Amino acid sequence: MSEWVNWGAPQARPSRYDVLFEPVKIGPVTARNRFYQVPHCNGMGYRDPTALAHMRGVKAEGGWAVVCTEQVEFHYTSEITPFIELRLWDDRDIPALSRMVDKIHEGGALAGIELAYNGMNGSNLYSREVPMGPAHLPVATFTYDPVQARRMDATDIKNIRKWHLAAVNRAKRAGFDLIYVYAAHSLGFLHHFLSRRYNQRTDEYGGGIENRIRLLREITEETKAAVGDTCAVPIRISVDELMGEGGLYKEEVEDMIGLMADLPDLWDVTLAGWENDSRTSRFAEEGAQEPFIVGVKRLTSKPVVGVGRYTSVDRMVSLVNKGILDMIGAARPSIADPFLPKKIEEGRFDDIRECIGCNICVSGDFTMSPIRCTQNPTMAEEWRKGWHPEKVRKAKSDKPVLIVGGGPAGLEAAQTLGKRGYAVTLAEAGTELGGRVLQEARLPGLSAWTRVADYRKLQLNQLANVETYFDSRLTAEDVLAFGIPRIAIATGSTWRNDGVGHLHTMPLPIAEGAQVLCPSDVMAGRLPAGKRVIVWDDDHYYMGGVMAELMAEKGYETIYATPASEASTWTRNTMEQHFIQKRLLEKGVTVKSFTALDAIGAGEATLSCTFTGRQERIEADAVVLVTARLPNEGLFLDLVARQAEWADAGIESVTAIGDALAPATIAHATYAGRRYAEELDGEPLAEGALPFKREITELLPID
């Protein structure tokens, strides 16, 4: 008998969705349906090849017809350290890529590879080679690196064509079915040759459109000749840089596509840069790219794939029926739910984990760490921990579980334990499930975040072995009286109102009568009295910017102050910092960077420069402190203090999880809930053993 529980039974699928499951011919290969996982980064790359292979393989198992890699560097003269992508520098890289191909094929999907040469987008910090591009220009990194790319000459162009062709042949040997020619996102040399703002050449590779696409055409022709009738060759191109005629723009790129209409086997159309193509839900609705990709289909007879953070099945069908796209591309929705296609195919719409567009997945790439997902806590843990997004190990005992708190950690633990077969009691102090997710979803731009609670509530509704009780603010006495053996405390956290955060580790001086609020107060419906508000952000993720935006929308004269260099600085990792700062400025918020909050008085605050210490007093009716949070650990500590009574009460374990243990992101909370549920009744780790698998670098012989 299998130790696994497969969740979800097929339902009747409306016939209008059948079009999504038609096969699509892509050159010499055929995709089994219209679901296409476009290339996306993941923070694992060459460091974690087996974990990466399993992650892609699970998507193939979940029904995606095409599953692609991330950027794959094809030559050592262009690498993008510190980011961790895949590499295909020489034959030694083939086995790791072949392992991924095998896992993708095992799931019944086609495997695609995105060969990349970042050129002037990377400083070559590892190889220390001089970057190359179409012009003498500074490298276009995110860190203003003091390195310039040199202008490629005729020999350089000849070499890069040769290197690309060698990589194509290696990719073919690795078993890939689609081999990309990558010219998108302002992240590689081909995009740089296409765009006037980078390509200032006067030779046959610069000037008019025909010349600027010359290298793209040559490399595409060489790639197709090399793969013959064994592999498809897509071109990935950005149809607009959103810079007007100062960069690539829709009409110009459509002319480029028209000149090469049927040369590739598929057109993968995007926006540039990546931050425009993958905007958070706070700044872009589902399908935000559509105005830019409408019309591409009329330019070519080849299939077209595009993205738009699509989760609406009816929207997907409409895109195909209207002739806008042939295939539904996805990166983030395929991360949130690797089984999205299979669930649609089986009519299991309530089981879909819809992407919330928070871009915590993107932060994996920017922090050079394994990808994570707020909705899907199994992401990147498929091999490392043996977790699966759609099946769980059967319960190993009949001992029930009490979960206190119905926020993201508690909900994830409850639904996973319920699926394992445990009897679960979920006690929620309030009148609805969701915890911080529901509170934050009511803030400007964050409404999509309700999906974290919605998915889990729908799952709980299908579980007869999970009972939920509302208005149940439990005491230690209550818990001891229940006699339930295993208890998870998921009571969340509360924002501090004393100023303790990154900069100040001790409470600030706050005068009697000063009006001080924190996000917990604001989300509970309390707003400042008066007209002028200072929002002090020493948290540096999204909350400070959201609080300032909300205050401005409510009509307050708002000053946003932070010791960082910019508003919500950590959101650079989710590619939305510049959108946040722009919105604050547009709403009339005064942004004061490199500013410390030293004291709060009645009707004023003392600020200072973080460099010079020079102080200034500013009139303010109220200060909203966005600093640190404290875990709501009272119940947990009370139970620990009464551990001597556990045995008589039949209690075996009490565990704090999520924000109740240590406040962090919502993604950390859902992960904590999943981990508790996965590890319950598991084999104890041997002393010194790791709780996950890792790959070790092979040591080469010492010369």
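**Close-up views of a helix pair and a parallel sheet**

**View 1. Contact between helices H3 and H6.** Ile-157, Arg-161, His-164, Leu-165, Val-168, Asn-169 and Lys-172 of H3 meet Leu-215, Glu-218, Ile-219, Glu-222, Thr-223, Ala-226 and Val-227 of H6. Seven residues of this contact are nonpolar, three are polar and four are charged. The model shown here and in the following views is predicted. Two packed helices are described by the angle between their axes and the distance between those axes. For H3 (residues 154-174) and H6 (residues 214-227), the angle is about 35° and the axes are 10 Å apart. The crossing of H3 and H6 is right-handed.

**View 2. An open sheet of five strands.** The strands follow the order E22-E29-E23-E24-E25, and their pairing is parallel. Strand E22 (516-517) and strand E25 (590-592) form the edges, each pairing on one side only.

**View 3. Strand E23 and its two partners.** Strand E23 (residues 532-537) runs parallel to strand E24 (residues 557-561), to which five bridges join it. Ile-534 has Ile-559 of E24 as its bridge partner, and Val-535 stands opposite Tyr-560 in E24. Five bridges also connect E23 to E29, again in parallel; here Trp-536 stands opposite Leu-625 of E29. Five of the six residues of E23 are buried, so this strand is largely enclosed by the rest of the structure.

**View 4. Helix H19 across the sheet strands.** H19 (residues 542-553) lies across E23, E24 and strand E29 (622-626), and runs at about 170° to E23. Together, E23, H19 and E24 make a right-handed β-α-β unit.

Technical notes. Residues numbered from 1 in each chain as written. Predicted model: local features only at pLDDT ≥ 70, side-chain atom pairs only at ≥ 80, totals over all residues. Heavy atoms only, no water. Pairing = 2+ DSSP bridges. Helix = DSSP H or I, 4+ residues; strand = E, 2+ residues; numbered from the N terminus. Contact = heavy atoms within 4.5 Å. Axes fitted to C-alpha atoms, helices over the stretch in contact; angles between N-to-C directions. Left-handed = near helix turned anticlockwise from the far one by under 90°. Nonpolar A, V, L, I, M, F, W, Y, C, P; charged D, E, K, R; others polar. Buried < 20%, exposed > 50% of the residue type's maximum accessible area, 1.4 Å probe, protein only. Right-handed = clockwise from strand over helix to strand, strands pointing away.
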